[in-house]
Amino acid sequence: MEKALQTMIDNMPEKTGKSLTEWKSLLKTKTFAKHSEAVNYLKKEHNVTHGFANTIVSLSKEDKSTAEDLITIQYQGKEHLFPIYENLIAMVKEFGEDVRISPKKTEVSFDRSKKFAVIKPATKSRVDLGLKLKEKPTTDRLENSGPFGTMCTHRVRLTNISQVDEQLKEWLKEAYQMAE
């Protein structure tokens, strides 16, 4: 099987017009929710046969994105929200050396011994901050968890950097302390 795969990779420039490296670079500029969406994109937009498209997409997934890459992708087209993210990161780093900041494909989680908060660019105009604050009542600003489900108990919708304030810091700190 390895020999067949290597032959396919070697033949890729001749059969598809691009090398595997070039295809991977192209796919990095796109966002697909599913494997099949990326395969269909290559087939329809670049006339790549199904076998080559499937192989290109599969091998592209093996590339491990760096934390910086994941964050850049999350805020692509939402760059005006990035200062909210940066301020939240700076705020949480003040809590202690034991804070782990873990970027994932669609969100960034804050962990201690347990997860205590999640940042997610929810829309083109809003960042959602999910918090684990058991037994804390909801308010107009400190809503129920919404799309975070059981992962968090509360959500704060942030549309402006001025909303990253002392009250928010208190809630974050409280969630951090509960995650011991």
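**Close-up 1. Helix α7, end to end.** Helix α7 covers residues 166–178 in this predicted model (helices, H or I, are DSSP runs of at least four residues, and strands, E, of at least two, numbered from the N terminus).

Close-up 2. Leu168, Trp171, Leu172, Ala175 and Tyr176 are the buried residues of α7 (buried is under 20% relative accessible area, exposed over 50%, partly exposed in between, with a 1.4 Å probe and protein chains only). Looking down the axis of α7, these buried residues fall within an arc of 140°, so they line one face of the helix; the arc is taken from the directions from the helix axis to the C-beta atoms. Glu166 and Glu170 sit on the other side, exposed. The cover over the buried residues includes α6 (82–93) and the strands β2 (108–111), β3 (115–123), β4 (126–131) and β6 (154–158).

**Close-up 3. Where α2 meets α3.** The axes of α2 (residues 20–28) and α3 (residues 35–46) come within 12 Å and cross at roughly 105°. Axes are lines fitted to C-alpha atoms, for helices over the stretch in contact, and angles run from 0 to 180 degrees between N-to-C directions. The two helices are therefore roughly perpendicular, a label for angles of 65 to 115 degrees. Trp23, Leu26 and Leu27 of α2 make the contact with Tyr41, Leu42 and His46 of α3 (contact means heavy atoms within 4.5 Å).

**Close-up 4. Glutamine 74 in α5.** Glutamine 74 belongs to helix α5 (residues 67–74) and counts as buried at 5% relative accessibility. Leaving out residues up to four places away in sequence, glutamine 74 touches Lys104, Lys105, Thr106, Glu107, Val108 and Pro121.

**Notes.** Residues are numbered from 1 along each chain as its sequence is written, and side-chain values use heavy atoms, without hydrogens or water. In this predicted model, local features need pLDDT of at least 70 and side-chain atom pairs count only at pLDDT 80 or more, while totals for chains, interfaces and linings use all residues.

Definitions and conventions: The expected span of a helix is 1.5 Å times one less than its number of residues. Angles under 35 degrees count as roughly parallel, over 145 as roughly antiparallel, 65 to 115 as roughly perpendicular and the rest as oblique.
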